[in-house]
Amino acid sequence: MPVKPPDAPQRLIVAMTGASGQILGVRLLQLLQARPDIETHLILSRAARITLAQETDFTPAQVEAMAREVYRPGDIAAAIASGSFPVMGMVVVPCSIKTLSAIAHSYASDLITRAADVQLKEGRPLLLAVRETPLHLGHLRLMTQAAELGAILFPPVPAFYARPASLDEMVTHLAGRILARIGIANDAYPTWSGPGASSLG
């Protein structure tokens, strides 16, 4: 297998599904635009395109323009559907319960769920920003099952200790926390250094 040059960009798969919270995926892509060392490989589900129009002023074309590579959900022959294609991991932001269920049951019916399954089988990070509330027992069991398979469950819960001054700031903090959890250092959210520390905020 060819060895990737040490200066080659790292690749991160970003999937956006139809759950509420489309701005989280958009903001994550915006933050990654400032990181030329990371290639973003984007999949927008059909439902995500619908929810995006309901929740934001962004068009699918504008969101896709933020990514290095774009795939259609039905393109199961795409490079990211194979474990031989090296990536640093995958985030599903936001992640619908339907997508969570498919991933938890290894039901790879489209490119999003196939790429997610590849991350699990290859032992790579897979973060699911599950956006639903309230949660019933079935949802909780699905999250447990996905966690047992190796997924990172990351419901987008705001960190109020950061005292965000606006919804936009809160969204940025959440996107930054997601990136940090997947292993991408960034300064999009404040770190905690103890009560009254000047590094907070």
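Two strands count as paired if DSSP finds at least two bridges between them. The legends below describe a predicted model.

**View 1. The open sheet and the pairing of β1 with β4.** Strand β1, residues 10-16, pairs with strand β4, residues 89-95, in the parallel sense over 4 bridges. Within this pair, Ile13 stands opposite Met90 of β4. The whole sheet is open and holds 6 strands with parallel pairing, in the order β3-β2-β1-β4-β5-β6. Its edges are β3 (69-71) and β6 (152-153); each has a single partner strand, so one side of each has no neighbour in the sheet. In general, the strands of a sheet pair through backbone hydrogen bonds, in either a parallel or an antiparallel sense.

**View 2. The largest pocket.** The space in the largest pocket comes to about 360 Å³. Its lining has 15 residues, and Ser45, Ala47, Lys98, Thr99 and Asp110 are the closest to the pocket centre. Two or more lining residues come from each of α2 (46-55), α4 (97-104) and α5 (111-122). Of the elements, α4 gives the most to this lining, with 3 residues. By residue class, the lining of the largest pocket divides into 5 nonpolar, 7 polar and 3 charged.

**View 3. The second largest pocket.** About 290 Å³ of space lies in the second largest pocket. Among its 17 lining residues, Gly21, Leu24, Arg131, Pro156 and Leu174 lie nearest the centre. The elements giving two or more residues to this lining are α1 (22-33) and α7 (167-182). The largest share, 4 residues, comes from α7. The lining of the second largest pocket divides into 11 nonpolar, 3 polar and 3 charged residues.

View 4. The 16 residues of α7 should span 22 Å at 1.5 Å a residue, and the end C-alpha atoms are 23 Å apart, which agrees. Buried residues of α7 are Met170, Val171, Thr172, His173, Leu174, Ala175, Gly176, Ile178, Leu179 and Ile182. In an α-helix there are 3.6 residues a turn, so residues three or four places apart point the same way. The cover over the buried residues of α7 includes β1, α1, β4 and β5 (126-130). Leu174, one of these buried residues, is also among the residues nearest the centre of the second largest pocket. Just after α7, Gly183 takes a positive phi of about 105°.

Conventions
Residues numbered from 1 in each chain as written. Predicted model: local features only at pLDDT ≥ 70, side-chain atom pairs only at ≥ 80, totals over all residues. Heavy atoms only, no water. 1 Å grid on protein atoms, 1.4 Å probe; cavity = no way out; pocket = protein on both sides within 12 Å on 5 of 7 lines; lining within 4 Å. Points joined across faces, edges and corners; volume = space filled by probe spheres on them. Nonpolar A, V, L, I, M, F, W, Y, C, P; charged D, E, K, R; others polar. Expected span 1.5 Å × (residues − 1). Buried < 20%, exposed > 50% of the residue type's maximum accessible area, 1.4 Å probe, protein only. Contact = heavy atoms within 4.5 Å.
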